[in-house]
There are 2 protein chains.
Amino acid sequence: MDGGRVTVKDKGTVVPSIPTIAPAGAFDEADRDAVYRAIYTRRDVRSQFRPEPISDEVLNRLLMAAHHAPSVGFMQPWNFIVIRSDGVKSQVRAAFDVANNEAAEMFSGEERVLYPHLKLQGISEAPVNLCITCDRTRGGPVVLGRTHNRDMDIYSSVCAVQNLWLAARAEGIGVGWVSIFRDVDIRAILGLPDHVVPVAYLCLGHVTELYEEPELQASGWRQRLPLEQLLFRDRWGEAM
Amino acid sequence: MDGGRVTVKDKGTVVPSIPTIAPAGAFDEADRDAVYRAIYTRRDVRSQFRPEPISDEVLNRLLMAAHHAPSVGFMQPWNFIVIRSDGVKSQVRAAFDVANNEAAEMFSGEERVLYPHLKLQGISEAPVNLCITCDRTRGGPVVLGRTHNRDMDIYSSVCAVQNLWLAARAEGIGVGWVSIFRDVDIRAILGLPDHVVPVAYLCLGHVTELYEEPELQASGWRQRLPLEQLLFRDRWGEAM
């Protein structure tokens, strides 16, 4: 990879440079397939975490991948809270349990029966938990590209999540996104200021095996939609 | 890539299967580096689009990559509006101009001087425009994982954007995300129902060269932050 130059810049001494354009065509087939392999074999992991720690070297590569996500107006609104403390994990796990019990009551029919049997988090088992946030004040009151859609900063932080998730797949690190929390609880546990949004709470750990399809599909909860049903031509509702 | 099985499922005949776990460790170094190369050399493209059309085969691979993004409760809330019509592009371009003129008035100081000189879209030049949406009603009123954060569906559609963006880099396709629109305008042009959110309006086309760093950094608009400044340990504000 040609990340060397990028790393130097990330050390902080940045001199505004003359824009340089470089050749950038399609990857060769092997490299292209590697990218697709990360995309197609990425899973939302809840149960396959190995107990071995994640090295600082690997974790840093994942965080640097996240940090190179696109961001509106190059705002880089994200922070990364790396959680290894068992005490913090226990609090987060307790907050999940409260919310998950609330959630279980919201379903009906077959889903209500199945829901309590689904494992939806691996907070305690994952050696690293990671909260990716969005600081809505970064870059000041007017940010390029965010003038008309104020949520573009949140979208940028989500792009960072997905960059990290795909890099993690390539590193043999499983990632699970836990979203079942009361907002007020996760804010209190992590001490977030009001202007910071907890976009994603992720569980990370080495994995040696993964489901061959999304776990919710494997469990019969929901099936993948045919892509053809989701495509329109030029306007909503126009068949391709 | 092992996408064959996935493709079969995407044809619509899905039988709930016995969950199968398969070995899934780290990629070898070459494949890992290919993933990082996509992440580090991805750019937000405005000016480098080539006029050659994107083949259906390549476009379908990009859309399938997007469709394999993570989604809350496997909700798959996205639709993909593929725009090749010059008429629709012209309307979108006009909507951009209206919003961009409004945006230009919001800046002050050096930014106000520089802003009008930045090229922020390639709507007309890009052979394909693509709107990725989020249908907030898909999957019914109660969706697993969305019980406490109602915006998880939007986040899922953003993950689809980033999957597509990285796949596009590997295919030699440049992508630019245009976010400077009045919401009402883009909704009217594309005929979106009220329950559908236009998450991302993207411009796509073949590229043979790209900037070596983010264009906004190259132009002196803003510099990359040092990653170290963005990291916390266990709680907001605690140094790593």
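An open sheet of five strands runs in the order 7(A)-2(B)-3(B)-5(B)-4(B), with mixed pairing. Its edges are strand 7 (231-233) of chain A and strand 4 (173-178) of chain B; each has a single partner strand, so one side of each is left without a neighbour in the sheet. Neighbouring strands are turned by 25 degrees against each other on average, direction ignored. Strands (E, at least two residues) and helices (H or I, at least four) are DSSP runs, numbered from the N terminus. Two strands pair if DSSP finds at least two bridges between them.

Inside chain B, strand 2 (residues 80-83) and strand 3 (residues 128-135) pair in the antiparallel sense over four bridges. There, Val82(B) stands opposite Leu130(B).

## Basis of the model

This is a predicted model: local features need pLDDT of at least 70, side-chain atom pairs count only at pLDDT 80 or more, and totals for chains, interfaces and linings use all residues. Residues are numbered from 1 along each chain as its sequence is written, while chains are lettered from A and ligands numbered from 1 in the order in which they are written.

## The sheet with strand 7 of chain B

Another open sheet of five strands has the order 4(A)-5(A)-3(A)-2(A)-7(B), again with mixed pairing. Strand 4 (173-178) of chain A and strand 7 of chain B are its edge strands, each pairing on one side only. The twist averages 25 degrees from one strand to the next.

Strand 2 (residues 80-83) of chain A pairs with strand 7 (residues 231-233) of chain B in the parallel sense, over three bridges. Val82(A) faces Arg233(B) in this strand 7. Strand 3 (residues 128-135) and strand 5 (residues 196-206) of chain A run antiparallel and are joined by eight bridges. Cys134(A) stands opposite Val197(A) in strand 5. Helix 7 (residues 183-190) of chain A packs on the sheet and touches strand 2, strand 3 and strand 5 of chain A; its direction makes about 75 degrees with that of strand 5.

## Helix 6 against helix 6

Helix 6 (residues 152-171) of chain A packs on helix 6 (residues 152-171) of chain B at an angle of about 55 degrees, with the axes 9 Å apart. That makes the two helices oblique to each other. Axes are lines fitted to C-alpha atoms, for helices over the stretch in contact, and angles run from 0 to 180 degrees between N-to-C directions. Angles under 35 degrees count as roughly parallel, over 145 as roughly antiparallel, 65 to 115 as roughly perpendicular and the rest as oblique.

Residues on chain A's side of the contact include Tyr155(A), Val158(A) and Leu166(A); on chain B's side they include Tyr155(B), Val158(B) and Leu166(B). Contact here means C-beta atoms, placed from the backbone, within 7 Å. Ala, Val, Leu, Ile, Met, Phe, Trp, Tyr, Cys and Pro count as nonpolar, Asp, Glu, Lys and Arg as charged, and the others, Gly among them, as polar.

The contact between the chains takes 109 residues from chain B and 110 residues from chain A. On the chain B side, helix 2 (residues 29-41) gives the most, with 11 residues. That side divides into 64 nonpolar, 27 polar and 18 charged residues.

Definitions and conventions. Contact = placed C-beta atoms within 7 Å.
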